[in-house]
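Hi,

Here is the structure I promised to pass on. Have a look at it first, and my notes follow below.

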Amino acid sequence: YWNAGVGNVQVRISSGSGTGIYWNGSVWQSLAPDAAWQASSLWASSWTYTSLTSAFSDGLSYVVNSRAKDDTTSDGTNNPNVELSITTQTFTYDTIEPVSEMTVPAAGIYYETMNNTYGTASDTPPGEVYKVEIQIKNIQADHANYNKYWDWSNTIWSAAPAQSWSDAITPTGNNWNITTSGVAWEATAIGVQYETYFKATDKAGNVETENLHSWYFKSPYPTTVITEPTGTDLNPNYYSEPTQIKGTADTYTYADAFEKNYGQVKTFRAGKHDVKLGDKVTVTAKVIGTDKFSGKEISVIKGGKWVKTDNGHFSTTIDTLQNGKYYIVSLSKRRDIEFSVTVKRKVVPEPRREFFASLY
């Protein structure tokens, strides 16, 4: 009696718990629980039930039971042994795509920073959003990274990225947010154009058709502050013989492909790449975490010659006196070198970065 295998597996599907409505293989009807079992197809170590055409409706929950029967019995009768512990699973049927929106970056807007990309996502109840993903593409036709995607795996721009979509972003309520400060954004005064794609996936595996916003990343303009004379409309200061107006003018970091790029050769050109004729371009570099290195890791062409550092920090200033001339910066393949370029406009005098306007 004890050599019997599984004779068959039966399935029972109800439209919710305690409703008394069961699937009979073709339609839903009111049945006694014991009369609602349906035969499945039995394989070597598994079973399937496929009589499910038009069985389910969006947004409704269903309860599925299964039980097995032996080929024979343990007491010598013709009644097979029936599994005592009935398996139960409950699921919600959902075929509707979720919907996501992106707040930042917004379409057509110019940005000077892009530390976070964020928006909202929702699904038709009772469906729930599982994740949001984004993809970033450079679409600036005259740019070195034109038509390249941000590779989230290798943290570089690539025409064939290993991972073009971000890791899953888990929403908090209806809001999603991902840090994008690590993306090697590049900018010019007129803006570098990007496309950021976004899509949501719900817990049923429905994937939203991707959307995109096209936007621009631009360099910040220099800013000035009047330090003398001082005062406001409501509280002006008084001067007996003001002979000059003075203030400060801030420089800004040149954002086109220099900050935190490692192991690469970079170029910039006067009259392009947001470097203007007459600007002073200061190139600085350091090995992260130390003040000493050999001086062979970093170099820059200045006047046709390679200039190298001999201490922990490298710094040199280039006068951009000729339009169209290329200035080349080279780094070794060490990944612990941090590199930056700062542009100082020619309107900012040295060394105190103060400006004066004569009144006489």
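Which residue forms a salt bridge with Glu133? Lys131 does, and the closest N and O atoms of that pair are 3.9 Å apart. By salt bridge I mean a side-chain nitrogen of Lys or Arg within 4 Å of a carboxyl oxygen of Asp or Glu. Glu133 itself is buried, at a relative accessible area of 12% (buried is under 20%, exposed is over 50%, partly exposed is in between, with a 1.4 Å probe and protein chains only).

Before the rest, a word on the source: this is a predicted model, where local features need pLDDT of at least 70 and side-chain atom pairs count only at pLDDT 80 or more, while totals for chains, interfaces and linings use all residues. Residues are numbered from 1 along each chain as its sequence is written, and side-chain values use heavy atoms, with hydrogens and water left out.

The salt bridge count comes to three. Lys218 pairs with Glu112, with 3.6 Å between the closest N and O atoms. Lys218 sits in the loop between β17 (211-217) and β18 (224-228), and Glu112 in the loop between β10 (110-111) and β11, so this pair ties together parts 106 residues apart in sequence. Strands here are DSSP runs (E, at least two residues), numbered from the N terminus. Lys218 is buried at 10% relative accessible area, whereas Glu112 is partly exposed at 41%.

Then there is Glu128 with Lys203, whose closest N and O atoms are 2.6 Å apart. That pair links the loop between β11 and β12 to the loop between β16 (192-202) and β17, 75 residues apart. Glu128 is partly exposed at 44%, and Lys203 is exposed at 57%.

Now the sheet. Three strands make an open antiparallel sheet in the order β9-β11-β15 (two strands pair if DSSP finds at least two bridges between them). β9 (99-104) and β15 (175-179) are at the edges with a single partner strand each, so one side of each has no neighbour in the sheet. β11 (residues 116-122) and β15 pair over five bridges, and Thr117 stands opposite Ile178 in β15.

Thr124 lies in the loop between β11 and β12 (129-138) and is partly exposed, at 40% relative accessible area.

Cheers

Methods
Helices (H or I, at least four residues) and strands (E, at least two) are DSSP runs, numbered from the N terminus.
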